[in-house]
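Please examine the sequence and the three-dimensional structure shown here.

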Amino acid sequence: MRLRFLGSTSEAGACPSLYETDRGTVVVQGLRVTDVEALADLRHVLDGETAVEVPRELLADIARQVLSVNIGHD
């Protein structure tokens, strides 16, 4: 699998960051959620899965970028 950097809200481009894969999926790099109460709210967590916190503004920024690139390419 290969990753292409999409964006980050940190100044140095560290986490949290989003990446697009060559498999049509998205990879999230960020700090693992360790709050016990928050983890208890998760549903159907499989072995090997974890939760990562991502700021809303990062998701919104990436969504705008993806939509602006894809408009007119349907």
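The paragraphs below treat the chain, its sheet, an aromatic pair and several individual residues.

This is a predicted model, in which local features need pLDDT of at least 70 and side-chain atom pairs count only at pLDDT 80 or more, while totals for chains, interfaces and linings use all residues. Residues are numbered from 1 along each chain as its sequence is written, and side-chain values use heavy atoms, with hydrogens and water left out.

The protein chain contains 2 helices and 3 strands; helices (H or I, at least four residues) and strands (E, at least two) are DSSP runs, numbered from the N terminus. Along the sequence these elements follow the pattern β-β-β-α-α. Of the 74 residues in the protein chain, 15% are buried, where buried means under 20% relative accessible area, exposed means over 50%, and partly exposed lies in between (1.4 Å probe, protein chains only). The chain exposes about 6,200 Å², and carbon and sulfur atoms supply 53% of this area; accessible areas come from the Shrake-Rupley method with a 1.4 Å probe, and for residues only the protein chains shown count as cover. Among contacts (heavy atoms within 4.5 Å) between residues at least 6 apart in sequence, 25% join residues at least 24 apart.

The strands form an open sheet of 3 strands in the order E1-E2-E3, with antiparallel pairing; two strands pair if DSSP finds at least two bridges between them. E1 and strand E3 (26-29) stand at the edges with a single partner strand each, so one side of each has no neighbour in the sheet. From one strand to the next, the twist averages 25°, with axes taken as lines fitted to C-alpha atoms, for helices over the stretch in contact, and angles running from 0 to 180 degrees between N-to-C directions. E1 and E2 pair in the antiparallel sense over 5 bridges. In E2, leucine 18 is the bridge partner of glycine 7.

How many aromatic pairs does a search of the whole structure find? The search finds 1 aromatic pair. Phenylalanine 5 and tyrosine 19 form this edge-to-face pair, at 5.7 Å centre to centre and 70° between the planes. Phenylalanine 5 lies in strand E1 (residues 3-8) and tyrosine 19 in strand E2, so the pair ties together parts that are 14 residues apart in sequence. Rings of Phe, Tyr and Trp (its six-membered ring) pair if their centres lie within 6.5 Å; planes under 30 degrees apart count as stacked, over 60 as edge-to-face and the rest as tilted. Phenylalanine 5 is partly exposed at 41% relative accessibility, whereas tyrosine 19 is buried at 16%.

Serine 17 is located in strand E2 (residues 17-21). Serine 17 counts as buried because its relative accessibility is 0%. Its side chain makes a polar contact of 3.4 Å with that of serine 8; such a contact is a pair of N or O atoms within 3.5 Å, and within protein one must be able to donate a hydrogen and the other to accept it, while residues adjacent in sequence count only if both atoms are side-chain atoms. Not counting residues up to four places away in sequence, serine 17 touches several residues, including Phe5, Val28 and Leu58.

Threonine 21 also lies in strand E2 and is buried at 7% relative accessibility. A polar atom of the threonine 21 side chain lies 3.0 Å from the backbone nitrogen of arginine 23.

Histidine 44 belongs to the loop between helix H1 (36-40) and helix H2 (56-70). Histidine 44 is exposed at 76% relative accessibility and has a positive phi of about 55° although it is not a glycine.
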